[in-house]
Amino acid sequence: KENNNYLKNLYKDKVSGVISEDMFLMLAKEYEEQKKKHKQTYFKSLKNFFTNKAAVSYTFVSIFQLLAMAFMQSYCVYFFKAAWPEQVQMSGIFGMLGMLPMFACIPFATKLVKKFGKKEASVFGTVVSLVGGVIMLVFPLINSVNTALIVYLLGLVVFGVGMGVYTCVSW
């Protein structure tokens with residue numbers, strides 16, 4: 001059975017690789033067409049990008065945000081092993097439930113921006129995710145395993161809502 005799962009994952013990886021390669025080739029073709037239109041070299045484009053402080057900082061913030069979310073997702077299994085050894089099988093569900101609120105925020109992001117502005121809405125999302133992080137810090141103080149799981153899940157959902165608002169508004 002383990003070998004069968006390995007083969008399924010291998011096939012998924014190969015399909016993902018082919019799709020990403022096709023996307024890369026489409027992007028390269030588009031770049032070549034744009035280069036012919038604008039007569040700008042790659043290095044001149046890079047220079048223009050790196051001299052634009054706002055674009056560079058926004059790019060790095062986005063990259064580090066994605067890295068942080070990826071690290072949090074991959075750390076979830078190890079965290080569950082340490083915090084709740086008997087509940088490790090729930091780590092995948094909790095990881096998914098932490099990401100789902102981000103998708104739920106998509107319809108509300110534009111409404112928040114129209115009502116409060118882009119900066120205020122992104123600060124709101126950051127504050128909400130900070131509250132979720134504080135809630136997740138509380139669970140070790142709780143002796144009951146089930147209550148601690150619920151508090152951690154609540155914090156994870158609140159954190160996901162805040163990150164969802166921030167991500168939708170800032171991207």
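1. Let's start inside: F94 is buried, with a relative accessible area of 4%. (Buried means under 20% relative accessible area, exposed over 50%, and partly exposed in between, using a 1.4 Å probe and protein chains only.) Y152 is buried as well, at 9% relative accessibility.

2. Before going on, keep in mind that this is a predicted model: local features need pLDDT of at least 70, side-chain atom pairs count only at pLDDT 80 or more, and totals for chains, interfaces and linings use all residues. Residues are numbered from 1 along each chain as its sequence is written, and side-chain values use heavy atoms, with hydrogens and water left out.

3. Now the rings. The structure holds 2 aromatic pairs. F49 and F50 make an edge-to-face one, with 5.1 Å centre to centre and 75 degrees between the planes. The rule: rings of Phe, Tyr and Trp (its six-membered ring) pair if their centres lie within 6.5 Å, and planes under 30 degrees apart count as stacked, over 60 as edge-to-face and the rest as tilted. F49 counts as partly exposed because its relative accessibility is 28%, and F50, at 48%, counts as partly exposed too.

4. F94 and Y152 form a stacked pair, 6.2 Å centre to centre with 20 degrees between the planes. This pair links distant parts of the chain: F94 sits in helix α4 (residues 91-104) and Y152 in helix α7 (residues 145-170), 58 residues apart.

5. What about the overall fold? You'll find 7 helices and 0 strands in the protein. Helices (H or I, at least four residues) and strands (E, at least two) are DSSP runs, numbered from the N terminus.

6. The radius of gyration is 21 Å, well over the 16 Å that the globule rule gives for 171 residues, so the protein is more spread out than a compact globule. That radius is taken over C-alpha atoms, and the globule rule is 2.2 Å times the number of residues to the power 0.38. Along its principal axes, the C-alpha trace spans about 65 × 50 × 25 Å.

7. How much of the protein is buried? Of its 171 residues, 25% count as buried. As for contacts (heavy atoms within 4.5 Å), residues 24 or more positions apart account for 69% of those with a separation of 6 or more.
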